[in-house]
Amino acid sequence: MSMDANAVMAKITEYTNIPPITMAYEALTILLSATTSYIRTQSYKELVQSSPDLVFDDIIIPSLQLVPSHIVFHPWTLWTSTFVETSPFQFISGLVIVYFGITFLESQWNPTSGNDDSMDDISQYLNSQKPVSETLKFTTVVITVSNLTILLLVSLINILSGTAELLNRPLQYGFFIMVLPISVVAKQLIPEANIKVLSIFKFRLKRLSLVLLASSSALSLGRRSLSPFLPAFVSFLVSWYYLRYIQITPAMNADILPTSTSSNPSIPPQSSTNIRGDPSDTFALVEFFPEMIKPTLRPIFDGFYQVSVLLGIVRPWNDDDVDIGNLRSNLRFSGASAATTKTTVNQADSSNDERRKQIALKVLQQSVERQD
């Protein structure tokens with residue numbers, strides 16, 4: 001008797017409401033962490049008899065842990081090492097981050113939530129444009145690119161500082177690598193939501209990334225270590241870059257987001273699902289920082305942006321891109337309906353056309369005056 005993937009998923013959903021990617025990541029964390037712990041423990045028991053001075057932390061598993069000197073032979077650890085937690089505290093923290101963080105991503109990128117609560121057809125869910133593909137894509141890109149960047153930076157620093165022997169030590173960041181990226185998604189999608197900390201003070205989600213970066217900086221300074229600031233900062237930049245310039249607008253926003261039009265009439269309008277990146281002003285890098293330092297940071301970030309455009313690292317935004325991005329951002333925050341959005345889009349398109357006509361008439365008038 002055989003069962004296909006849809007039937008298996010349907011059976012699972014009868015017993016749990018945990019989203020599929022969250023469940024898979026929880027299982028991977030438990031499996032890989034337990035496997036690593038077991039192999040290290042058995043290896044230590046065997047080796048300590050011949051080497052009494054051996055320390056348990058000296059036992060590493062290059063095929064599961066991210067070790068710079070072994071990455072060429074075990075490249076898959078750029079991804080799998082995220083699910084390997086090497087201490088009880090890290091293990092529990094990793095499970096908590098996976099459960100709440102990945103569940104949050106799936107809930108935000110779920111095209112059916114709030115629209116059809118009675119949807120029971122698991123095959124329709126799995127075959128629709130859904131959070132599974134986007135959550136997997138986002139987490140895989142952020143984890144892999146962040147770990148690779150950190151590995152290269154750590155290797156370069158150790159080589160230059162004459163501590164190349166540290167390249168044999170594993171980089172044990174675990175699922176902490178996803179904490180800042182999750183906060184960046186929160187900043188993009190629900191920035192005005194509030195967080196209460198022990199009922200003492202509260203702040204908006206759009207400030208969470210800055211709070212986490214500042215906390216990781218303080219910890220790194222106190223420990224005189226690159227961790228946790230380096231993985232936090234790198235994963236923050238990688239996730240923001242992906243969402244800002246690469247991510248295709250999730251399909252679940254299609255009914256509340258307008259389409260983009262091209263200045264070339266021969267090019268048909270793009271559907272919302274084909275919009276790449278988020279050019280809105282509210283998601284600019286400078287908007288992650290406090291108001292008081294924005295005037296100082298803005299010209300610096302603008303300079304980096306111009307250089308990145310020249311190098312081809314990012315694609316430039318035009319005024320229409322930014323206008324549409326701002327409109328989409330406002331509509332997403334307000335939760336406008338599809339009918340309201342279509343009306344707003346038509347009004348915006350008419351307004352843009354009228355603006356272009358006024359500019360053209362003004363230029364023509366100035367040209368005639370100069371000729372006179």
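Biologist: In this predicted model, how do the side chains of Glu287 and Lys294 meet?

Modeller: The general idea goes like this: side chains of opposite charge can pair when their charged atoms come close. Here, Glu287 and Lys294 meet in a salt bridge, at 2.7 Å from N to O.

Biologist: Which residues are linked in a network of salt bridges?

Modeller: That network links Glu287, Glu291, Lys294 and Arg298.

Biologist: And is Lys294 buried or exposed?

Modeller: Buried means under 20% relative accessible area. Lys294 has 4%, so Lys294 is buried.

Biologist: How many salt bridges does the structure hold?

Modeller: Six salt bridges. One of them is between Arg40 and Asp57, where the closest N and O atoms are 3.9 Å apart. Arg40 sits in helix α2 and Asp57 in the loop between α2 and α3, so the pair ties together parts that are 17 residues apart in sequence.

Biologist: What about accessibility for Asp57?

Modeller: Asp57 comes out at 48% relative accessibility, so it counts as partly exposed. Arg40, at 4%, counts as buried.

Biologist: Where do Lys137 and Glu134 lie?

Modeller: Both are in helix α6, residues 131–160. Because they are three residues apart there, about one helical turn separates them. Glu134 is buried at 6% relative accessible area, whereas Lys137 is partly exposed at 42%.

Key
Residues are numbered from 1 along each chain as its sequence is written. This is a predicted model: local features need pLDDT of at least 70, side-chain atom pairs count only at pLDDT 80 or more; totals for chains, interfaces and linings use all residues. Side-chain values use heavy atoms; hydrogens and water are left out. A salt bridge is a side-chain nitrogen of Lys or Arg within 4 Å of a carboxyl oxygen of Asp or Glu. Helices (H or I, at least four residues) and strands (E, at least two) are DSSP runs, numbered from the N terminus. Buried means under 20% relative accessible area, exposed over 50%, partly exposed in between (1.4 Å probe, protein chains only).
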